[in-house]
Amino acid sequence: MNLKDYIKNVPNFPEQGIQFKDITPLIGDGKAFQYATKLFCDYAKEVKADVIVGPDARGFIFGTPVATQLGLGFVPVRKPGKLPRETITESYSLEYGKNALSLHKGDILPKQKVLIVDDLLATGGTIAATIKLIEKSGAEVVGIAFLIELEALHGREKFKDYPIYSLLTY
Ligand code: AMP
């Protein structure tokens, strides 16, 4: 199965010059979504992850099926103002715009082995902030898995010390 057949490129969304990779055809197809999930699960086993972290919001879509398949916990990293208990927060830049991400204190335990799962690696700002939140919690990032990596943006160079796995590259 070629997962690229299920990704639609949308030029100039949400801003002029951005080639937006629309993942909704992939998650809308049961077999394609199942296949992508299986590849992520194989990787999670390989790196011996014991918890899955997904950044708001598309990281939830790809991270939660991996967690349930493997019987692991899922921890959301969310946009500020969404988590009700005490949080830690990190700011970051997007390919378009700026944002911040928060994590509940105590949702990730010291020494846990974390696999981060997200839809797409662009500049890497989102993942850099996510890594900081995880490491401030005392846990270890054992891998970072993406459905899509936009190689031209060189996001990977920010994460030389971490194993990165991308199902599709553009
Ligand atoms: P970044 O922090 O720059 O790596 O951007 C990460 C997030 O922004 C991804 O997880 C996507 O959800 C979204 N994103 C950035 N660029 C694109 C793009 N070209 N197509 C679709 N989503 C994008």
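Predicted model: local features only at pLDDT ≥ 70, side-chain atom pairs only at ≥ 80, totals over all residues.
Visitor: Why are Phe13 and Phe20 called an edge-to-face aromatic pair?

Guide: Rings of Phe, Tyr and Trp (its six-membered ring) pair if their centres lie within 6.5 Å; planes under 30 degrees apart are stacked, over 60 edge-to-face, the rest tilted. Phe13 and Phe20 have 5.1 Å centre to centre and 85° between the planes. So the pair is edge-to-face. The structure holds five aromatic pairs.

Visitor: Why does Phe20 count as buried, and what does Phe13 count as?

Guide: Buried means under 20% relative accessible area, exposed over 50%, partly exposed in between (1.4 Å probe, protein chains only). Phe20 has 15%, so Phe20 is buried. Phe13 has 43%, so Phe13 is partly exposed.

Visitor: What makes Phe33 and Phe62 an aromatic pair?

Guide: Their rings lie 5.9 Å centre to centre, with 85° between the planes. That pair is edge-to-face too. It links distant parts of the chain: Phe33 is in helix 2 (residues 30-46) and Phe62 in helix 3 (residues 58-70), 29 residues apart. Helices (H or I, at least four residues) and strands (E, at least two) are DSSP runs, numbered from the N terminus. Phe62 has 1% relative accessibility, so Phe62 counts as buried. Phe33, Phe40 and Phe62 form one aromatic cluster.

Visitor: How do you know that the charged end of Lys21 sits over the ring of Tyr170?

Guide: The rule asks for NZ of Lys or CZ of Arg within 6 Å of the ring centre and within 35 degrees of the ring normal. Lys21 is 4.7 Å from the centre of the Tyr170 ring. Lys4 also lies over the face of Tyr170, at 4.4 Å.

Visitor: What makes a nonpolar core, and which element gives the largest share of the largest one?

Guide: A core is a set of buried Ala, Val, Leu, Ile, Met, Phe, Trp, Tyr and Cys residues joined through side-chain atoms within 4.5 Å. The largest core has 28 residues; Leu3, Phe40 and Leu147 are among those that touch the most other members. Helix 2 gives the largest share, seven residues. A second, separate core of 23 residues includes Val51 and Val114.

Methods: Residues numbered from 1 in each chain as written. Heavy atoms only, no water.
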